[in-house]
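Subject: Structure handover

Dear colleague,

Please find the structure below, with my notes after it.

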Amino acid sequence: MNKDMAEDIPETPTEEAPIEEAASAKFDVIYSCLRCGTNVANTELARLPEIKCICGFRVFTKIRAPIVKTIKAL
């Protein structure tokens, strides 16, 4: 009888939200041009055919997030 009851219950597929999309939208990486200091988001650099600033320089530095992490000592 238990076998029949298990067959009568239809399985509902569970939809999982993609974690990568939520994380990338939440934490957008920002780069700064080394020559002129222009801030550029990672999404803007991905749209361009080559990685280049508006001033023509190709070297960027990654801007650190303003979040400070504190860790308790052991």
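How far is the sulfur of Cys36 from the closest cysteine sulfur, and in which residue is that sulfur? The closest one belongs to Cys53, at 3.6 Å, which is too far for a bond. A disulfide here is a pair of cysteine sulfur atoms within 2.5 Å, and by this rule the count is 0. Cys36 is partly exposed because its relative accessibility is 39%, and Cys55 is partly exposed at 31%. For these classes, buried means under 20% relative accessible area, exposed over 50%, and partly exposed in between (1.4 Å probe, protein chains only).

Some notes on the basis: this is a predicted model, in which local features need pLDDT of at least 70 and side-chain atom pairs count only at pLDDT 80 or more, while totals for chains, interfaces and linings use all residues. Residues are numbered from 1 along each chain as its sequence is written, and side-chain values use heavy atoms, with hydrogens and water left out.

Salt bridges: the whole structure has 2 of them, a salt bridge being a side-chain nitrogen of Lys or Arg within 4 Å of a carboxyl oxygen of Asp or Glu. Glu50 pairs with Lys52 at 3.4 Å, N to O, and with Arg58, where the closest N and O atoms are 3.6 Å apart. Glu50 is partly exposed at 37% relative accessibility, and Lys52 is partly exposed at 30%.

Strand 1 (residues 30-33) contains Ser32; strands are DSSP runs of E, at least two residues, numbered from the N terminus. Ser32 counts as buried because its relative accessibility is 10%. Beyond its neighbours within four places in sequence, Ser32 is in contact (heavy atoms within 4.5 Å) with Gly37, Thr38, Asn39, Val59, Phe60, Thr61 and Ile63.

The largest pocket holds about 230 Å³ of space. Of its 11 lining residues, Asp28, Val29, Ile63, Arg64 and Ala65 are the closest to its centre. A pocket is an open set of points on a 1 Å grid over the protein atoms alone, where a 1.4 Å probe fits, with protein on both sides within 12 Å along at least five of seven lines; lining residues have an atom within 4 Å of a point. The volume is the space filled by probe spheres set on the points, which are joined across faces, edges and corners.

Regards

Methods: Helix = DSSP H or I, 4+ residues; strand = E, 2+ residues; numbered from the N terminus.
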